[in-house]
Amino acid sequence: WAVGVDSCQGSGAEFRCGDVGDRRAYAGVRLLDSQDRAYYRLALQQAETTYGFRVAHPLFIHWTRDPIAATGSLLEAVGRRLVWQGSIYASVQAMLCA
């Protein structure tokens with residue numbers, strides 16, 4: 001399932017969101033954010049009810065021109081979080097051992 005957030009237009013065959021209209025867009029990135037997944041799952045349930053089909057294990061894909069940059073930004077965010085959490089852990093350990 002192709003998904004998107006904000007400034008999306010249309011539905012079904014008329015879906016236009018993200019880089020869908022860009023001829024240079026050639027790939028998608030799988031959605032891993034569980035907070036957004038709940039909303040996409042709700043939209044999928046509405047489509048199942050409307051069109052009479054069932055999807056047991058959906059994969060939500062965000063269409064993008066540059067999937068490497070998209071995943072790179074995720075890796076940067078994970079790296080920042082890891083440094084931040086490591087700093088807190090080291091600070092707490094230093095206080096406990098002092």
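**Reading a predicted model**

Modeller: Ala25 lies in the segment before β1 (27-30). The model we are discussing is a predicted one.

Biologist: Why is Ala25 called buried?

Modeller: The relative accessible area of Ala25 is 10%. A residue counts as buried under 20%, so Ala25 is buried. In space, Ala25 and Thr64 are 5.5 Å apart, C-alpha to C-alpha, while in sequence 39 residues separate them.

Biologist: What makes up the protein chain, and in which order do its elements run?

Modeller: The protein chain has two helices and two strands. Counted from the N terminus, the order is β-α-β-α. Of the 98 residues in the protein chain, 16% are buried.

Biologist: How do you know what kind of aromatic pair Tyr40 and Phe60 form?

Modeller: The count of aromatic pairs comes to one. The ring centres of Tyr40 and Phe60 lie 5.9 Å apart, with the planes at 40°.

Biologist: How does the reach of α1 compare with the expected span?

Modeller: Helix α1 has 18 residues, and from its first C-alpha to its last it reaches 25 Å. This is close to the 26 Å expected at 1.5 Å a residue. Just after α1, Gly52 has a positive phi of about 70°.

Biologist: How do you know where the buried residues of α1 lie around its axis?

Modeller: Tyr40, Leu44, Ala47 and Glu48 are buried in α1. Viewed down the helix axis, the buried residues fall within an arc of 100°, so they line one face of α1. In general, an α-helix has 3.6 residues a turn, so residues three or four places apart point the same way. On the face of α1 turned away from the buried side are the exposed residues Gln35, Tyr39, Thr49 and Thr50.

Biologist: What makes the contact of Glu48 and Arg54 a salt bridge?

Modeller: The distance between their side chains is 3.3 Å, N to O. The cut-off is within 4 Å, so the contact qualifies as a salt bridge. The count of salt bridges comes to one.

Biologist: Are Glu48 and Arg54 buried or exposed?

Modeller: Glu48 has 6% relative accessibility, so Glu48 counts as buried. Arg54 has 69%, so Arg54 counts as exposed. The limits are under 20% for buried and over 50% for exposed.

Biologist: Why is Trp84 called exposed?

Modeller: Trp84 is found in helix α2 (residues 67-97). The relative accessibility of Trp84 is 55%. Exposed means over 50%, so Trp84 counts as exposed.

Biologist: Which residues form a nonpolar patch with Trp84?

Modeller: Ile88, Val92, Met95 and Leu96 form the surface patch with Trp84, and together the residues have about 560 Å² of accessible area.

Note on methods
Residues are numbered from 1 along each chain as its sequence is written. This is a predicted model: local features need pLDDT of at least 70, side-chain atom pairs count only at pLDDT 80 or more; totals for chains, interfaces and linings use all residues. Side-chain values use heavy atoms; hydrogens and water are left out. Patches are made of residues with over 30% relative accessible area and no salt bridge: like charges are joined within 9 Å, nonpolar side chains (Val, Leu, Ile, Met, Phe, Trp, Tyr) within 5 Å. Accessible areas come from the Shrake-Rupley method with a 1.4 Å probe; for residues, only the protein chains shown count as cover. Helices (H or I, at least four residues) and strands (E, at least two) are DSSP runs, numbered from the N terminus. Buried means under 20% relative accessible area, exposed over 50%, partly exposed in between (1.4 Å probe, protein chains only). Rings of Phe, Tyr and Trp (its six-membered ring) pair if their centres lie within 6.5 Å; planes under 30 degrees apart count as stacked, over 60 as edge-to-face and the rest as tilted. The expected span of a helix is 1.5 Å times one less than its number of residues. The arc is that of the directions from the helix axis to the C-beta atoms.
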